[in-house]
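Me: Hi! I have just opened a structure and would like to go through it with you, one question at a time.

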Amino acid sequence: EVLAAQSAIIQRQSIAKSADSMSVADINNTFVGKVHGEQLRDYVYCMRYQASTFEEKYIEENYQKADTLELKRFMYNFWRDRNPLAPEIEWKRYERKIKYVENEFGLGSRRRHACATDRGRVYLHYGKPNTRVQQQREPNALPYEIWHYYALPEKQDAKFAFMDPSAVTNDYVLINSNVPGEIVDYAWYYRLSTYQIDPTGNDEPMMNNSVTDPNNLRGLDLPNVASQALDFWNNPR
């Protein structure tokens with residue numbers, strides 16, 4: 001039986017100075033002071049893949065419209081929260097990933113930043129895959145990639161399949177994954193075919209055991225379509 005009780009609110013407070021209370025000169029003397037203009041906005045946008053739900057919401061709403069000082073303060077606090085003793089080191093690690101994404105998955109224009117592409121998002125969120133198959137000239141198939149991770153927090157033996165629908169833009173889209181929360185399409189490999197319709201004239205998608213054949217490949221009697229892609233998926237290397 002409780003005869004008496006007393007409680008008190010205890011809050012932790014970092015001894016590190018919040019960027020919100022730092023002067024313009026102070027914030028510009030940190031690592032974020034070296035980032036300016038559109039690059040700053042691109043970097044803040046790319047940070048969304050390491051952000052909490054609250055931080056991601058802020059980024060979505062403010063990375064384009066917030067003023068430079070506000071974004072610099074947000075960026076500094078973001079990395080200081082993850083490494084209070086060395087926020088710049090933590091940022092530099094992530095910046096190297098962004099640079100890789102820009103060089104590897106860029107679209108050659110400002111219409112969309114590379115980290116907004118499917119491959120850029122997956123790389124920045126999950127890291128570098130343990131294996132990456134790149135097939136650009138497989139007969140009768142669109143360019144595709146199969147990424148494999150030995151282990152992720154969400155999934156062991158994690159896999160991602162991407163394809164370039166245009167075959168020329170380097171804008172690969174994610175078409176299948178076995179990672180919870182990612183897109184799932186059990187007939188993904190049929191989408192790789194460059195054949196589009198059944199020569200009989202029936203261009204309606206065919207169904208078989210609840211698996212869609214959107215290109216009517218069964219009607220074309222092509223048993224080997226995407227066999228290499230399936231092999232890479234089932235046996236990553």
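Predicted model: local features only at pLDDT ≥ 70, side-chain atom pairs only at ≥ 80, totals over all residues.

Me: Which residue meets the side chain of Glu145 in a salt bridge?
Reply: Side chains of opposite charge can pair when their charged atoms come close. A salt bridge here is a side-chain nitrogen of Lys or Arg within 4 Å of a carboxyl oxygen of Asp or Glu. For Glu145, the N to O value is 2.9 Å, and the partner is Arg132.

Me: Where in the chain do Glu145 and Arg132 sit, and how many residues apart are they?
Reply: Helices (H or I, at least four residues) and strands (E, at least two) are DSSP runs, numbered from the N terminus. Glu145 belongs to strand 2 and Arg132 to strand 1, so the pair links distant parts of the chain. Their separation is 13 residues.

Me: Which residues are linked with Arg132 and Glu145 in a network of salt bridges?
Reply: Arg132 itself is partly exposed, with a relative accessible area of 22%. Together with Glu145, Arg132 belongs to a network of salt bridges that also takes in Glu104 and Arg119.

Me: In what order do the strands of the open sheet come, and which stand at the edges?
Reply: Two strands pair if DSSP finds at least two bridges between them. The 4 strands pair in the antiparallel sense, in the order 1-2-3-4. Each edge strand has a single partner, so one side of it is left without a neighbour in the sheet; these are strand 1 (131-135) and strand 4 (173-177).

Me: Which residue of strand 4 stands opposite Phe162?
Reply: Strand 3 (residues 156-163) and strand 4 are antiparallel partners over 4 bridges. Strand 4 is mostly covered, with 4 of its 5 residues buried. Opposite Phe162 stands Leu174.

Me: Why are the buried residues of helix 3 on the same side?
Reply: In helix 3 (residues 53-62), the buried residues are Glu55, Tyr58, Ile59 and Asn62. An α-helix has 3.6 residues a turn, so residues three or four places apart point the same way. The arc is that of the directions from the helix axis to the C-beta atoms, and these residues share a side because they cover an arc of only 100°.

Me: Which exposed residues does the opposite face of helix 3 carry?
Reply: What covers the buried residues includes helix 2 (37-46) and helix 4 (68-82), where contact means heavy atoms within 4.5 Å. The face turned away from the buried side carries Thr53 and Lys57.

Me: Which residue forms a salt bridge with Arg82?
Reply: Arg82 is partly exposed, at 31% relative accessibility. Its partner lies 27 residues apart from it, in helix 3. The closest N and O atoms are 2.6 Å apart, and the partner is Glu55.

Conventions: Residues numbered from 1 in each chain as written. Heavy atoms only, no water. Buried < 20%, exposed > 50% of the residue type's maximum accessible area, 1.4 Å probe, protein only.
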